[in-house]
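Me: I'd like to learn how to read strand pairing and contacts in a model like this one. Can you walk me through it?

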Amino acid sequence: MIDFGYGLTPSATLRIENVKNPRFMELHALEPDVVKCIACGSCAASCSAGCFTEMNLRRVILSLQRGREKETLPMLRHCMLCGKCQLVCPRGINTRHLILSIGKVYGLDKKEEVQP
Amino acid sequence: MSQNVVVIGGGPAGIEASRKLRDLGYTPILIEKEPVLGGHLARWDRLFPDGVEARAVLRPMLEDLDGIKYFTDTEIASINRLKDTWVVKLSNGLSAQVRAILLTTGFDLFKAEKKEEYGYGIYERVITNAELEDWFKSGAAPQFDKVHTIGFVHCVGSRDEKAGNRQCSKVCCVTAVKQACEFKEKYPDLTVYCFYMDLRMFGRKYEDLYLKAQKEHGVRFVRGRVSEVSEDIDGHLFVKAEDTLFGKPLKIKMDMLVLMCGMAPAASTPALARMMSLSAGEDGFFLPQSLVSSPCTSSREGVFFAGSATGPKTIPETLGEAANAALAIDRYLKTPEKA
Amino acid sequence: MIYQGKQKIWSEYQKEIPTDDWFYVRSCIRQSFFPASEKMFLEILRNRLGKNVYETPSHTTCGGIAYHSEAIPQETMMTIIARQFALMTEAGYENYVCSCITSFGLYTEVMEDWREFPELEAKIRENLWKATKREFKIPKYLAHASDLIYKFRNEIAEQAKFRLVNKATGEPLRVVEHIGCHYSKMFPSKGVGGAEYPYVLAGMVESWGGEVVDYPERRHCCGFGFRQYLVRANRGYSVSNTHKKFESMEPFKPDMIITNCPGCPYFLDRWQYVIAEQTGKTYGENGYGIPVFTYEEVAGLVLGYDPWDLGLQTHQVAVEPLLDKMGIPYHPEDKYKGLNGKELQRPEFPMNIKCC
């Protein structure tokens, strides 16, 4: 193998049709309102943890739908379950229950550290 | 002998205005260039937001044409001003001299082949919203095999400087959501994507339709405009868009793509504007006297508008303007002629 | 694929190309990468078609590489181009044809800039006068060399000895056509066929008997650019673009690639070697790779010129399998011989991609 001093860059494009999302289906069964999200960002804007950490519920929901949960699940650890997001969600989603369900389905309540 | 009024354009606006004018005691002369009356409404299957059938709306109108002189397959040859009347010559040789003309020429559907990057007319699996309505109406079996994933592309020919149409066509977003729901009702196992720039759900019950699409039918909405479509070796489509909310480019293999073609100004507008010295806006639609308080009167005496000739509109707005125009014409014709 | 849909689009992007009396400017790098291509262009136009193509030894680069790599400012580049136009005016011509795609894009861009900003044009005239005491007229017609070959493709087909057909099976060859980005992406109306489905190379392929392959990444850039390969560490970005194209065209099993840019055939050719050495994967048949040609080389091949006179021995990916497919005779032993039969040394062959 010759070392050319450069290599092939991996593609950043998401190929969603290849994404099998059984865990999202599980989440949908636990909290059916997750598909009502319109990504308006009210939750992220009012988030207490969002002021000081990278916690962003809008991003988390989107990444779960795209099958890229590894990138965003670690930020859920910062959630304090204060409920401000639930107060402002225009679609009436029970966001606290959603966050707890995500933790359950995607295994966040295990003690092992999730790599950021 | 009741007064004649010439109504140019036999779509829902023209037919409704003619009925109202006839009820007020006038004789409308309704002129339509296509072989049948009904305009674009005659082509649609079911209307938003409730799914009422288009023919159920159109049929009572078409059965109530007594007292209206209508000519199909006829075009306007010329219109000239003679003192305070208009002399209208038709392509069938007839002519009429009237004090009032109502323009209900409507819109033309944007020609999707102008958006070359979407491959309409080149890839078989790319169709337009109008063709989809044709297919829903016919109830035929699917024309393509192995359809698992389909997509709707919003804003084709609307809000697009390159396509020459800067305006929003108003109704395509809710039509796309309606068609997505209809698809899922027919084929529940399909995965349906809607690629939008902004979702315009302005009317009553439109937001509920959006919610129904998300919750009941699982339609996936991606905020990002489709940039290009290409074909695989077995005829399936690769659609490229950006998921702007997530911040990554997407490439999805699809089995069918529906282009939501917008409303473009009717092709007859420049010629008619020239004949009657009317002005059109920068977007190509006729300009009424005021977009807010007098959308049905023009800057010329005796010329009135109704319907999407002055800009994209929904059916209820069109029917409302038709009645508005009929009353305006009635008031104009009852004022004494200027000496 | 509905072919008529494409034809409709092509008919909307027709370009007026005069038939004779051209002022020709060469490309900086094509002489090194594709030595016989420009010679073949002049040979075809002058000797086979009897046209008048004039070139002057005083002409220079257009400044494109330096400009796009930000080595010289825009004003300098425009003055260089003004001097080229001055040479054309002094020779008495008004039809300008250039060999390089980047030049073509640059000339079109400069002429558009001067049309929109006349004060800029006035300034450049002044610059040129101060520097060289020359004056220039803007060319009446600007074309790329591939536009001319496209215009005369049927005349070439009449004189052709070979066609782009697989001799053994009688099937047309499957040809991937790759257009340089600067040809029609910047000014779609200045390219034959527009930006989405350019016709300049497709027309040539069809006249000469081949079949054009449409694959999903057809319009993707080959990754040449300028800044992204000048610095070695950035070349990963370049090679990834070419890799994307090859991955996309693989299922369609093309026999050859035809291009009209100096950089594209170079990259599409050489990157196959890099990809093979890095990943072990080749894209042609039997581990050879897909041969890449410029349009002059293809024109020369169908007209029956000797492949080694066309400079095909400098290609990385072996062209012999394709020559065998087309039934073109050649002498394998002459490949590495120089002028007067002088023995040049054989190059070392790579590990993962087969060469001849």
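**Strands and contacts**

Reply: Start with one pair: Asp243(B) has Lys248(B), in strand 17 of chain B, as its bridge partner. This is a predicted model, where local features need pLDDT of at least 70, side-chain atom pairs count only at pLDDT 80 or more, and totals for chains, interfaces and linings use all residues. Residues are numbered from 1 along each chain as its sequence is written, with chains lettered from A and ligands numbered from 1 in the order in which they are written.

Me: How many bridges join strand 16 of chain B to strand 17 of chain B?

Reply: Strands (E, at least two residues) and helices (H or I, at least four) are DSSP runs numbered from the N terminus, and two strands pair if DSSP finds at least two bridges between them. Here, seven bridges link strand 16 (residues 237–243) to strand 17 of chain B, and the two run antiparallel.

Me: Which strands of chain B stand at the edges?

Reply: The open sheet has three strands in the order 15-16-17 (chain B), paired antiparallel. Strand 15 (228–231) and strand 17 (248–254) of chain B each have a single partner strand, so one side of each lacks a neighbour in the sheet.

Me: What about contacts between chain B and chain C?

Reply: Residues are in contact if their C-beta atoms, placed from the backbone, lie within 7 Å. Chain B gives 12 residues and chain C gives 14.

Me: And the domains of chain C?

Reply: Domain bounds come from an automatic or database assignment; chain C has domain 1 (15–145) and domain 2 (146–341). Their contact takes 30 residues from domain 1 of chain C and 34 from domain 2 of chain C.

Conventions
Two residues are in contact if their C-beta atoms, placed from the backbone, lie within 7 Å.
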